Amino acid sequence: MQQMLPMKAQMLGLLVKPNLLFLTRIIFTSSRCFVSMASQRNSYDYTYLLQRCKGTKTIKSIHAQVIIGGFGENPFLGAKLVGKYAQCQEPNMEDARKVFDCLPERDAFLWNMIIQGYANLGPFLEALNIYEDMRRSGVAANRYTFPFVLKACGAMKDGKKGQAVHGHAVRCGLDLDLFVGNALVAFYAKCNEIGASRRVFDMISEKDIVSWNSMISGYAVNGCVDSALVLFHEMLQGGTMYAPDNATLVAVLPACAQTAAIQEGLWIHMYVIKSGIKLDAALGSGLIAMYANCGHLSSARGVFDRINDKNIVVWNEMIRCYGMHGHADEALRMFSGLIDSGLQPDGVIFLCLLSTCSHAGMVKEGMELFEKMEDYGVEKASKHYASVIDLLGRAGFLHEACEFVKNIPIKSGKELYGALLGACRIHNNIELAEEIAEKLFVLDPDNAGRYIILVKMYEDAGKWEKAARLRKALKEKNIRKPLGYSAIELGCVLHQFGVEDESHPFKDLIFDTLERLDNIMEEELGLFDGFPLLETNAILTPIVTTANN
């Protein structure tokens, strides 16, 4: 038996050694095949493979083959690798930059790829630094370089650097190029230079759909909603060869919502249905906001129900819609539906819900929502605390609101005291209002609304001297409240009339008509001086009939 053990051990050893040799040969042969395959491929093969890559691991595997195959310094493949690292499912600018830095020769295409990556992903300042390196290297920028650089400037809202880049484009003779022009329109709009944006837009001789979309969006984002609608009509009626696309409608819908332009909104909705444009989250949320502001609650809900891929923005718009129309219970049910859908609520959702509860007098529900914010990982911001103060103040709990302000963990600012001053106005608590107003005059000295609230409270209480003193202070400090205006839409044109406004081109005709109507009303009212005041229908009918005539 003892003699057989060494024999078995020997036999086992003989069996183990061939297995090790076999595995070693397989690994060696595989590596040789890998190297052989890598060496047999050319740059076109790697380009073909990179085009089909989506994950970072696959890209790195092909990157390794590129290096083994001796193409590590190929500028064409380098640009492809930079683009893939920057645009894959998990973009990584660090790997893209390593590829870029290892390439000794860099053409304009390669520079553009790395600039584009930083312009899309950040840091945006690095895109400008790379652009300056490109200029110093002697490689000329082309029509694709400037849009990427301007995009980075717009993201940083750096007007000075963007204007410098604009100057470079002018010197290169590319400022009137379509790609560069569109980028300039978007850049100036992002920097709130809407006048410069329009000038560039007008200089583009052959505009495409991107040109129109950029200008319409620029107007809407900068609050020039009337100009956005006018330009939208110009696009439709000006004989342009471009039909509105998804981006056009998403850009113009906020303008429709802010001006309650139901005609344009209905046209857009019908256009979406007839043209078969997909009702995605961006377009759907715009339609919901438009219908909500125009008072068409059922239409807003109909759009909501037809959106398949509802995101947090869609839910927020629908909750806001119910809240602004006083349907607080339905807004809370929508919030429950949001939670059941698996989406995570954000700060905007809670802001809408708190405002809804405040206007509906639902103090208990509002406070419960406020306490739940941390459960959903939502940080409580100054606006949320201000909403709670408004919630308590509107319901008459001024003492509780004051105590709430004292215990707030963040620094009390103008939003918090502004909400408390509004509550004092509702419940006519002048003493507390004076105390809060003194703080607001320091925190928000240029806001005329704070002064006006206290002036109105003084006037309501008959304290005319204090009211006059405060109005005098407003005049001396040259603090003015933004003038209100009324508006009417005629023939798809919005006509605005402000206080003592004489800027309308038909002002003489308008004032003459108003004077005639005033005379007619005086004459008609004079006929009914002896009638009881309750007979309003008998009085109004002849006036309205005469006015219409």
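Which residues form a nonpolar patch on the surface? Let's look at that in the first close-up of this predicted model, then move on to two more spots.

**View 1. A nonpolar patch on the surface, made by L236, L266, W267 and M270.** Taken together, these four residues have about 340 Å² of accessible area. If you want to know where the patch mostly comes from, check out helix α15, which spans residues 262-275: this helix gives the most, with three residues.

**View 2. A patch of negative charge on the surface, where E515, D518, E522 and E523 gather.** Zoom in on D518 and you'll find yourself in helix α28, which covers residues 507-526. D518 has a relative accessible area of 40%, so this residue is partly exposed.

**View 3. A461, in the loop between α26 and α27.** Helix α26 takes in residues 448-460 and α27 takes in residues 464-476, with A461 placed in the loop between them. How exposed is A461? Its relative accessibility is 39%, so A461 counts as partly exposed. Now find I430 as well: A461 and I430 are 31 residues apart along the chain, and their C-alpha atoms are separated by 8.7 Å.

Note on methods:
Residues are numbered from 1 along each chain as its sequence is written. This is a predicted model: local features need pLDDT of at least 70, side-chain atom pairs count only at pLDDT 80 or more; totals for chains, interfaces and linings use all residues. Side-chain values use heavy atoms; hydrogens and water are left out. Patches are made of residues with over 30% relative accessible area and no salt bridge: like charges are joined within 9 Å, nonpolar side chains (Val, Leu, Ile, Met, Phe, Trp, Tyr) within 5 Å. Accessible areas come from the Shrake-Rupley method with a 1.4 Å probe; for residues, only the protein chains shown count as cover. A salt bridge is a side-chain nitrogen of Lys or Arg within 4 Å of a carboxyl oxygen of Asp or Glu. Lys and Arg count as positive and Asp and Glu as negative; His and the chain ends are not counted. The place of a charge is taken as NZ of Lys, CZ of Arg, CG of Asp or CD of Glu. Helices (H or I, at least four residues) and strands (E, at least two) are DSSP runs, numbered from the N terminus. Buried means under 20% relative accessible area, exposed over 50%, partly exposed in between (1.4 Å probe, protein chains only).
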